[in-house]
Amino acid sequence: MLSSQGTVPRIAVESLTGCAGELLVILENLDKLLPYVRVVSFPFAQSQNDSGAVDITFLEGSVSNPHDLEKLKRIRAKSRWLVAVGNCAVWGCVQKSACSHCKVEDMLKAVYGQDSKIEVLPSTSLDEHVKVDVKLSGCPINATQFLSVTANLLQDHLPYITHKPVCLECKLKENPCVLIEDNLPCLGPVTAAGCGALCPSVGAACYGCWGPSQDAQMDAMAVILQEKGYAIDEVLNRLQSFGAPAKLFERMKFEVKNERV
Ligand code: SF4
Ligand code: SF4
């Protein structure tokens, strides 16, 4: 495994606005990569960091202020492969969801006071600003997927990442369905697989933290949950909480408006 320059691959682990959950997963699993790579930058975990060109950057967090945007562009320019890690980087996650529910200025005042001088931007995912080579969603990411993605990139392959729904993993585990049998508001049918159906495996409903699955049928999901007695606003909140794009909900909102007339 050599970089394009014929040397040991250089990797960087960086963050924008996020909770550091992905950084912790990467840190916990870094020992498995150390024989094959040089970690030249990981400000969360080491004090000596090199800002030069790298083969792979793993980048956590959403773009939520001008500094994030400037940093993202700098990182893109120096990285051969840019991997968005975690739901904030891939979808915008809860920051983006919060921005769609209230005004950023109101949140700033509530947290930092009337005279806050902090500059903010509405939270956005990385691919709204730059080309992203790999999107690894999760809240936080799954360690097995992280290692598999890295192994592929080190061999110059773009990895295959499934966006099939959580139900697929849930059925492979032969879990009883909590949506059908317990009437829990499980979002597994519209949430991307990757976690190994963690929540339904312990009898809990999936709340969508991996982001939407491919071709997620949000309107059908809302209808099923409504039939089970869940309020449509609660359903919408659940579905949007992890930053799924607004266009997925356009038809649902139309139906909701009609219903209320
Ligand atoms: S419990 Fe949830 S994830 Fe599992 S099959 Fe049922 S709806 Fe799908
Ligand atoms: S089952 Fe759903 S909520 Fe639970 S970890 Fe997986 S994607 Fe997240």
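Analyst: A residue is called buried when its relative accessible area is under 20%, exposed when it is over 50%, and partly exposed in between. The model is predicted.

Start with S213. This residue sits in the loop between α8 and α9. Its relative accessible area is 7%, so S213 is buried. What is S213 in contact with, leaving aside its neighbours within four places in sequence? The partners are H163, K164, P165, P189, V190, T191 and A192. Two of these names come back in the ligand shells. P189 is among the residues around ligand 1, and T191 is among those around ligand 2.

Now ligand 1. Its surroundings are V166, C167, C170, K171, C177, V178, L179, C186, G188, P189 and P200. Two elements give two or more residues to this shell: α7 (166–172) and α8 (178–181). The biggest share comes from α7, with four residues. By class, the shell has nine nonpolar residues, one polar and one charged.

The loop between α7 and α8 holds E174. E174 is not a glycine, yet its phi is positive, at about 60°. Most residues other than glycine have a negative phi. With a relative accessible area of 70%, E174 is exposed.

Next, ligand 2. Around it stand T191, C195, L198, C199, P200, C206, Y207, G208, C209 and W210. Eight of the shell residues are nonpolar and two are polar, with no charged residue. P200 is listed around ligand 2, and also around ligand 1.

A197 is in the loop between α8 and α9. Its phi is near 55°, again a positive value in a residue other than glycine. Is A197 buried or exposed? It is buried, because its relative accessible area is 0%. E174, by contrast, is exposed.

Move on to α9. In this helix (residues 218–227), the buried residues are M218, D219, M221, A222 and L225. They span an arc of only 160° around the axis, which puts them on the same side of α9. The spacing has a simple background. An α-helix has 3.6 residues a turn, so residues three or four places apart point the same way. Just after α9 comes G229, with a positive phi of about 95°.

Away from the ligand shells, look at the aromatic rings. How many aromatic pairs does the structure hold? There are two. In the F42 and F44 pair, the ring centres are 6.3 Å apart and the planes meet at 25°, so the pair is stacked. The cut-off for stacking is planes under 30 degrees apart. F42 counts as buried, at 1% relative accessibility. F44 counts as partly exposed, at 40%. The other pair joins F58 and F146. Their ring centres are 5.0 Å apart and their planes are at 65°, so this pair is edge-to-face. F58 belongs to strand β3 (residues 54–60) and F146 to helix α6 (residues 143–154), so the pair ties together parts that are 88 residues apart in sequence. F58 and F146 are both buried.

One backbone detail remains. The peptide bond from C139 to P140 is cis, with omega near 5°. Most peptide bonds are trans. P140 lies in the loop between β5 (134–136) and α6. Helix α6 is also where F146 sits, in its pair with F58.

Methods. Residues are numbered from 1 along each chain as its sequence is written. Chains are lettered from A and ligands numbered from 1 in the order in which they are written. This is a predicted model: local features need pLDDT of at least 70, side-chain atom pairs count only at pLDDT 80 or more; totals for chains, interfaces and linings use all residues. Side-chain values use heavy atoms; hydrogens and water are left out. A residue is near a molecule or strand if one of its heavy atoms lies within 4 Å of it. Ala, Val, Leu, Ile, Met, Phe, Trp, Tyr, Cys and Pro count as nonpolar, Asp, Glu, Lys and Arg as charged, and the others, Gly among them, as polar. Rings of Phe, Tyr and Trp (its six-membered ring) pair if their centres lie within 6.5 Å; planes under 30 degrees apart count as stacked, over 60 as edge-to-face and the rest as tilted. Buried means under 20% relative accessible area, exposed over 50%, partly exposed in between (1.4 Å probe, protein chains only). The arc is that of the directions from the helix axis to the C-beta atoms. Contact means heavy atoms within 4.5 Å.
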